[in-house]
Amino acid sequence: MADIVGIDLGTTNSLIGVMDSGFPILIADREGSRLTPSVVYLPESGDPAVGAPADRMRALVPERTLYSVKRLIGRRPGESEKEDFPFAVTSQNGRMFLDIGDRLLNPEEVSSLVLKKLKADAEVSLGRSINRAVITVPAYFNDLQRQATKRAGELAGFTVERIINEPTAAALAYGLDRLRDRSRIAVYDLGGGTFDISILELSEGIFRVLSTNGNTRLGGDDIDRELVRLLKERIIGRYPEVRPELDDRLFLARVREIAHAAKLRLSTEDIVQVEIPFLSGNRSFSYTLTRQELEAIARPIIRRTRSHCLRSLDDAKLDPRALDEVILVGGVTRMPIVRQFCAEVFQRLPNITQNPDEAVAVGATIQAGILSGEVQNVLLLDVTPLSLGIETFGGLMNVLIPRNSTIPCKAGEMFTNAVTNQTSMQIVVLQGERELAKDNWELGRFNIEFEPVLKGIARVGVQFEIDADGILHVLARDTRTGREKVVEVSSAVDVSDDAVEKMIAESLDHAFEDMSERVWTEAVLKSNELLPAVRSALTLVGDQISPEDRQKIEGLVLEVETALKSHDSHRLKKANAELDEGTQHLATLLIDRAMTEAARRKK
Amino acid sequence: MIDYFALLGIERRPAITEETLKGAYFQKSESLHLDPARSSEVFAVNAAFQTIANPATRIQHLLTLEFGDPCGGEISSDLGKLFGTIVEVLQIADQELGSLSARSSPILRALAYQSLDGLREKLDQAEEELSQRESALLEEVGRLDQSWFESSVHARQPLAQVALGLTFVQKWLSQVRERKIRLEELA
């Protein structure tokens with residue numbers, strides 16, 4: 001019997017596993033590690049390096065070493081805010097490409113190189129060839145991101161047997177030796193680049209997902225980025241003259257690596273010494289970073305997961321107390337502050353029995369076993385994370401399949417001609433939860449064709465089908481002629497580069513118009529609002545910050561006050577922005593205080 | 001039209017316990033699982049579960065099967081009145097949330113967040129009232145389940161009324177809860 005492997009294609013690391021005598025086993029790569037870095041290095045000539053060897057090139061050749069491409073897969077230009085990659089990301093024909101100078105690659109090609117390495121190394125280890133796979137995706141991935149992931153698998157030479165949601169996979173890993181149980185669990189999955197929360201009901205071998213929510217652009221990478229910013233600030237504090245050198249790509253790649261390592265150590269240690277030798281010339285930089293400092297940076301990022309947890313509980317119609325366990329997976333959940341946060345939101349101590357890096361891959365392998373028949377008496381009922389609909393008159397979204405519907409599922413809609421002899425009609429397919437069509441993801445558009453008949457006579461039924469992978473298929477059927485056809489929903493290539501450039505040019509025009517008195521007036525208004533707010537914040541929570549922080553904030557306040565007298569709008573805007581940035585931590589403390597008070601009042 | 005009750009093998013009636021429904025659904029799903037020849041049945045089984053799990057859609061499906069249509073009707077006058085207050089609360093919430101999220105400074109948002117207790121209370125009250133209404137309607141379903149067996153024709157109109165009421169109450173509840181979450185999101 002041909003094996004099916006289970007693959008966790010992660011933002012930071014990827015893993016592969018196979019069932020062995022009824023048990024899910026993860027396979028180490030050629031370098032001897034079960035965690036293969038999702039990094040690809042493309043030299044000017046010769047074969048690409050993938051995994052740990054590529055990871056070592058990140059700080060050496062940052063512009064040709066691609067990582068975290070999961071943040072780009074299935075995305076469209078203009079859709080993602082600026083990502084701070086040291087390699088170039090461009091768009092062509094409405095698609096995203098990674099530009100390494102001498103060629104362009106799309107994100108799924110890069111992912112397929114990671115998958116190819118996993119495949120090749122596993123084949124060596126198992127001594128047989130493998131060509132069928134189950135691949136995981138974040139539960140909150142939309143249709144385009146799922147399709148792109150599936151394509152990456154196919155490019156790597158796999159038949160993709162199933163796309164499975166990461167938190168659901170983790171639930172399988174948790175539940176496999178508890179098949180007799182009846183319980184309700186939440187899986188909180190915070191990885192390098194994505195966040196998912198899923199709530200499941202386990203009932204004698206049936207894993208039913210009740211609801212899922214998340215953010216496909218929220219993760220440990222964000223904490224790293226903030227930490228790099230902090231370190232840069234500290235370096236400039238000590239050596240103001242090196243400021244221009246700090247934006248050097250090579251240098252930033254090095255600092256990012258050091259910051260990431262420091263973050264990992266601070267999960268178990270209270271203090272780490274951050275060393276950046278040979279900073280510039282013979283200067284070297286050393287800084288004592290405390291867990292407290294890291295947590296101050298991480299808190300606002302982690303707090304962004306809160307509303308997703310609340311929505312998920314709401315959709316499952318459950319009170320946190322009705323849950324039996326909250327399972328943590330994803331590397332970031334090693335941070336003590338994440339565990340505390342989960343304890344607060346779910347009102348219980350989280351369950352940390354699962355290996356946060358491996359649970360998803362183990363679950364994918366179990367799903368592979370279910371599909372091959374090796375694992376029996378287990379049934380998975382998963383849901384679609386996002387509502388599916390079409391645009392109606394007035395730019396509204398008409399929901400056809402609500403979020404959290406069990407997949408596979410389908411919905412039909414009947415269309416007719418609005419005028420006599422109308423030959424076609426364009427349908428815009430959307431995914432998302434917002435009322436206005438434009439606020440949702442446009443999956444694509446297609447035309448339905450009518451026979452030339454009197455108005456209101458044509459009848460074309462369109463069926464929207466979401467398969468077990470969470471991927472959409474559309475079928476149109478003319479009920480008068482009985483003709484049926486699979487509709488190609490054209491994605492991506494709907495925004496031409498020209499259109500995007502025109503939009504950018506227009507917004508630039510506006511920017512120049514604005515260079516006037518209005519900018520100054522707005523900046524003054526903002527300062528006048530900001531200064532008293534900072535003062536009252538300092539009275540409320542000023543005792544909770546360090547004297548250095550206080551001094552720094554007072555310096556920023558002084559700069560705003562001075563800029564107010566200068567009538568230099570550029571300077572005032574900059575001072576306002578710096579005060580905003582410098583009081584971020586103060587804002588976090590204020591919200592903490594408000595939340596504690598609200599909780600106290602409730603009791 | 002598919003008879004979802006028959007498909008899952010459960011009795012056609014207004015009230016169905018979660019246990020009964022899940023038992024039938026799981027059994028059916030397990031028998032279809034891993035049988036590629038019957039994969040198209042899975043769609044209908046999932047739709048049946050979804051329809052019957054929600055009392056409002058379940059009753060509408062039941063009435064359509066029995067009488068040919070869901071027997072629409074109008075919402076009761078006290079629900080109409082409740083609708084007025086809910087709309088008002090939602091409008092206030094949208095206004096305050098809108099002006100808050102327009103604030104770009106973290107510190108201004110944090111200070112404003114503290115002053116939202118009034119809105120929070122209004123939303124809590126609205127949620128409480130709607131939840132009570134929902135439970136009352138669900139109890140009504142239980143009572144009508146009894147009269148259904150005496151005379152389905154007599155139970156028809158009141159059931160349609162309850163289903164419609166539930167549809168609205170559920171929709172408002174989700175709107176109120178969404179505002180509550182957006183309020184938390186500002187933090």
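**Figure 1. Chain A as a whole.** Among contacts in chain A between residues at least 6 apart in sequence, 67% link residues that are at least 24 apart. This is a predicted model, and in it chain A carries 15 helices and 27 strands. With 603 residues, chain A has a radius of gyration of 26 Å, close to the 25 Å from the globule rule, so it is as compact as a globular protein of that length. As for burial, 42% of the 603 residues of chain A count as buried.

**Figure 2. Chain B as a whole.** Here we turn to the other chain. The C-alpha trace of chain B spans about 60 × 45 × 25 Å along its principal axes. Of the 187 residues in chain B, 28% count as buried. Take the contacts in chain B with a separation of 6 or more, and 73% of them are between residues 24 or more positions apart.

**Figure 3. An open sheet in chain A.** This view shows 5 strands of chain A in the order S18-S13-S14-S15-S19, with mixed pairing. Strand S18 (325–329) and strand S19 (379–381) of chain A sit at the edges with a single partner strand each, so one side of each has no neighbour in the sheet. From one strand to the next, the twist averages 25°. In general, strands of a sheet pair through backbone hydrogen bonds, either parallel or antiparallel.

Figure 4. Which way do S13(A) and S18(A) pair? Strand S13 (residues 182–190) and S18(A) pair in the parallel sense, over 5 bridges. To find one residue pair, look for A:Tyr188, whose bridge partner in S18(A) is A:Leu328. Helix H9 (residues 336–346) of chain A packs on the sheet and touches both S13 and S18 of chain A. The direction of H9(A) makes about 155° with that of S18(A).

**Figure 5. The two sides of helix H13 in chain A.** Helix H13 (residues 547–566) of chain A has 20 residues and reaches 29 Å from its first C-alpha to its last, close to the 28 Å expected at 1.5 Å a residue. Within H13(A), the buried residues include A:Ile553, A:Leu556, A:Val557, A:Val560 and A:Ala563. They cover an arc of only 125° around the axis, which puts them on the same side of H13(A). An α-helix has 3.6 residues a turn, so residues three or four places apart point the same way. Over on the other side of H13(A), the exposed residues include A:Glu548, A:Gln551, A:Glu554, A:Leu558, A:Glu561 and A:Lys565. Just after the helix, A:His567 takes a positive phi of about 60°.

**Figure 6. Where chain B touches chain A.** The contact takes 25 residues from chain B and 30 residues from chain A. On the chain B side, the elements giving two or more residues are helix H2 (18–32), helix H3 (39–53), helix H6 (106–114) and helix H8 (152–185). Which of these helices gives the most? H6(B) does, with 8 residues on the side of chain B that touches chain A.

Conventions. Residues numbered from 1 in each chain as written. Chains lettered and ligands numbered in written order. Predicted model: local features only at pLDDT ≥ 70, side-chain atom pairs only at ≥ 80, totals over all residues. Helix = DSSP H or I, 4+ residues; strand = E, 2+ residues; numbered from the N terminus. Rg over C-alpha atoms; globule rule 2.2 N^0.38 Å. Buried ≥ 20, exposed ≤ 12 C-beta atoms within 10 Å, placed from the backbone. Contact = placed C-beta atoms within 7 Å. Pairing = 2+ DSSP bridges. Axes fitted to C-alpha atoms, helices over the stretch in contact; angles between N-to-C directions. Expected span 1.5 Å × (residues − 1). Arc of directions from axis to C-beta.
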